Amino acid sequence: MGISNKLRLSSRMLHRRILYSSARSFTTTEGHRPTIVHKRSLDILHDPWFNKGTAFTMTERDRLDLRGLLPPSVMDSDQQIQRFMTDLKRLEEQARDGPSDPNALAKWRILNRLHDRNETMYYKVLIANIEEYAPIVYTPTVGLVCQNYSGLFRRPRGMYFSSEDRGEMMSMVYNWPAEQVDMIVVTDGSRILGLGDLGIHGIGISVGKLDLYVAAAGINPQRVLPVMIDVGTNNEKLLKDPLYLGLQQHRLENEEYIEVIDEFMEAVFTRWPHVIVQFEDFQSKWAFKLLQRYRSRYRMFNDDVQGTAGVAIAGLLGAVRAQGRPMLDFPKMKIVVAGAGSAGIGVLNTARKTMARMLGNTETAFESAQSQFWVVDAQGLITEGRDNIDPEALPFARKTKEMERQGLKEGASLVEVVREVKPDVLLGLSAVGGLFSKEVLEAMKGSTSTRPAIFAMSNPTKNAECTAQEAFSILGDNIIFASGSPFKNVDLGNGHVGHCNQGNNMYLFPGIGLGVLLSGTPIVSDGMLQAAAECLAAYMSEEEVLKGIIYPQISRIRDITKRIAAAVIKEAIEEDLVGGYREMDSRELKKLNEEELMAYVENNMWSPEYPTLVYKDD
């Protein structure tokens with residue numbers, strides 16, 4: 001069919017063609033047509049990408065020389081999952097390495113073993129039980145995994161690039177077996193969650209994030225790549241540990257560090273020009289520099305700076321709605337931010353842009369938005385009177401004379417700032433567990449808001465600025481509470497419930513990655529990130545937000561991700577950055593209506609179904 005005929009397709013025919021082309025070309029439905037493999041017998045059983053275990057049919061067992069290597073009963077995937085779940089419940093305690101090994105880590109071990117032997121079944125289990133297992137494969141348990149990674153390491157997952165590999169990375173990328181990689185999550189291990197420098201152990205965060213890309217966004221697991229860049233560690237305990245698996249040297253600095261990251265980026269984009277790279281848990285001094293260095297050249301974004309910011313903005317907009325006000329009232333909110341690291345500054349920059357856009361994007365609007373924030377770090381309130389202010393925090397430093405009129409001065413404590421400002425929102429991104437003390441929470445009683453919001457966003461759980469129980473017990477039920485790690489809802493008596501919203505990045509980054517992939521955009525723009533945040537903020541119904549529920553249940557993650565991906569694609573079209581994906585070129589993508597766009601996204605999301613395997617000799 002010629003191009004001119006294609007353009008004349010009716011909406012219904014185009015929709016049908018979208019479904020057909022996606023099914024024909026993408027992994028969503030590759031399980032419905034044979035997959036060619038170049039191995040058989042025990043090699044297949046030892047390959048987690050193709051192993052089906054007892055689900056191999058008798059025909060396949062004959063075709064792949066498996067007859068006799070498996071028990072004779074053929075089970076379907078549902079029966080396999082039932083068997084696994086039964087074993088999981090029985091083995092959880094047995095898998096613990098002594099009484100000090102937490103139960104969550106035992107679950108991680110068991111799931112990891114399944115991942116090692118059967119990827120399809122692993123993701124089937126994860127998707128079906130996402131609410132229970134997301135906290136195991138991701139935060140908060142992933143923090144515990146990273147802290148103990150050398151002892152947990154059994155088989156490699158992902159790739160390791162080190163400063164010892166300088167000059168070799170361009171050839172190293174060809175050691176990875178996948179001809180196509182859609183998504184890379186890379187860390188240098190310098191600031192894992194709120195746990196600090198964990199060196200090479202940080203690979204656990206890359207693995208966990210990509211598990212969610214597969215489960216939530218339907219990125220094909222054969223096209224994801226976790227990466228650790230080892231440039232040394234400043235963690236003295238690891239430097240002295242004879243069992244540590246990484247380079248036992250102090251971290252590279254300055255140009256030497258940049259040269260390693262530059263070489264890595266050039267290597268992966270040379271082999272996979274359309275890959276998306278998500279930077280994860282880089283310390284603040286590098287997070288911003290690397291983002292600015294690469295964002296206009298490569299398809300990349302930094303989840304700590306941009307993803308955390310987007311989730312926080314969605315929560316802040318939800319908090320406005322929970323007061324029964326329109327989201328356009330957001331620029332009127334007074335916000336005290338505890339923490340000025342990469343996550344805190346990322347939230348500040350994004351919130352300021354959002355407010356300014358709502359006010360008309362003029363210079364006056366920008367200044368007005370900037371005046372809504374009070375930033376407190378380890379040294380107290382940041383004002384222009386401070387020496388050696390971090391350049392990233394400088395725009396948010398309060399004017400000294402203005403603060404004196406408010407009764408505040410440089411370095412004022414958090415409780416002093418809260419008392420004087422009477423904020424609508426207290427937002428924690430400090431990585432200091434318990435920072436929102438009883439005294440600080442008591443001070444929030446003076447908030448001028450009809451329904452103040454407490455956002456204790458630091459991860460993992462032990463680093464949360466306060467617990468849900470603490471916030472509700474001190475401030476009562478007329479607050480909005482959100483945290484980075486999961487907390488249980490609080491029973492307030494008399495049938496009242498204090499809702500605990502988990503403001504986790506997993507609501508956004510899978511949808512951002514999927515939307516960028518399917519739009520074919522060459523860069524990840526601020527507009528796309530903004531569209532993703534606003535889509536998340538609007539996802540909840542009015543009834544839900546008025547109850548204090550501002551983030552959806554994790555069980556709805558695939559639907560959320562689909563909608564966010566569609567919002568990212570629409571924004572790419574608006575900014576004229578859309579390039580198309582596979583058979584769907586940019587012109588056809590621009591013609592899709594809302595329903596067709598959602599169908600396009602959904603039909604390009606991988607699902608864990610066993611494909612029929614056919615052996616072909618190399």
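Asparagine 593 caps the N-terminal end of helix α28, with a side-chain oxygen that lies 3.1 Å from the backbone nitrogen of glutamate 595. The model described here is a predicted one. Helix α28 itself spans residues 594-602, and its buried residues are Glu596, Leu597, Met598, Ala599, Tyr600 and Val601.

Elsewhere in the chain, seven strands form an open sheet with mixed pairing, in the order β9-β8-β7-β10-β11-β12-β15. Its edges are β9 (380-381) and β15 (500-502), each of which pairs on one side only. Strand β8 (residues 373-377) runs antiparallel to β9 and is joined to β9 by 2 bridges, and aspartate 377 stands opposite glycine 380 in β9.

| Helix | Residues | Strands touched or crossed | Direction |
|---|---|---|---|
| α16 | 303-322 | β7, β10, β11, β12 | about 160° with β11 |

According to the unreviewed UniProt entry, the annotation "binding site" covers Glu280, Asp281 and Asp304. These residues are spread over 25 residues of sequence, yet they cluster in space, the largest C-alpha distance being 6.5 Å. Glu280, Asp281 and Asp304 are likewise taken in by the lining of the second largest pocket.

Glutamate 280 is placed in the loop between β5 (276-279) and α15 (284-294). Because its relative accessibility is 2%, glutamate 280 counts as buried. When residues up to four places away in sequence are not counted, glutamate 280 touches Val185, Val186, Thr187, Asp188, Ile205, Lys209, Asp303 and Asp304.

Aspartate 304 is also buried, since its relative accessible area is 6%, and the cut-off for that term is under 20%. For arginine 191, a polar contact of 3.2 Å joins its side chain to that of aspartate 304.

Terms used:
Residues are numbered from 1 along each chain as its sequence is written. This is a predicted model: local features need pLDDT of at least 70, side-chain atom pairs count only at pLDDT 80 or more; totals for chains, interfaces and linings use all residues. Side-chain values use heavy atoms; hydrogens and water are left out. Buried means under 20% relative accessible area, exposed over 50%, partly exposed in between (1.4 Å probe, protein chains only). Helices (H or I, at least four residues) and strands (E, at least two) are DSSP runs, numbered from the N terminus. A polar contact is a pair of N or O atoms within 3.5 Å; within protein, one must be able to donate a hydrogen and the other to accept it, and residues adjacent in sequence count only if both atoms are side-chain atoms. Two strands pair if DSSP finds at least two bridges between them. Contact means heavy atoms within 4.5 Å. Axes are lines fitted to C-alpha atoms, for helices over the stretch in contact, and angles run from 0 to 180 degrees between N-to-C directions. UniProt positions are given in the numbering used here, feature names are shortened, and annotations may be inferred rather than shown by experiment. On a 1 Å grid over the protein atoms alone, a cavity is a set of points where a 1.4 Å probe fits but cannot get out, and a pocket is an open set with protein on both sides within 12 Å along at least five of seven lines; lining residues have an atom within 4 Å of a point.
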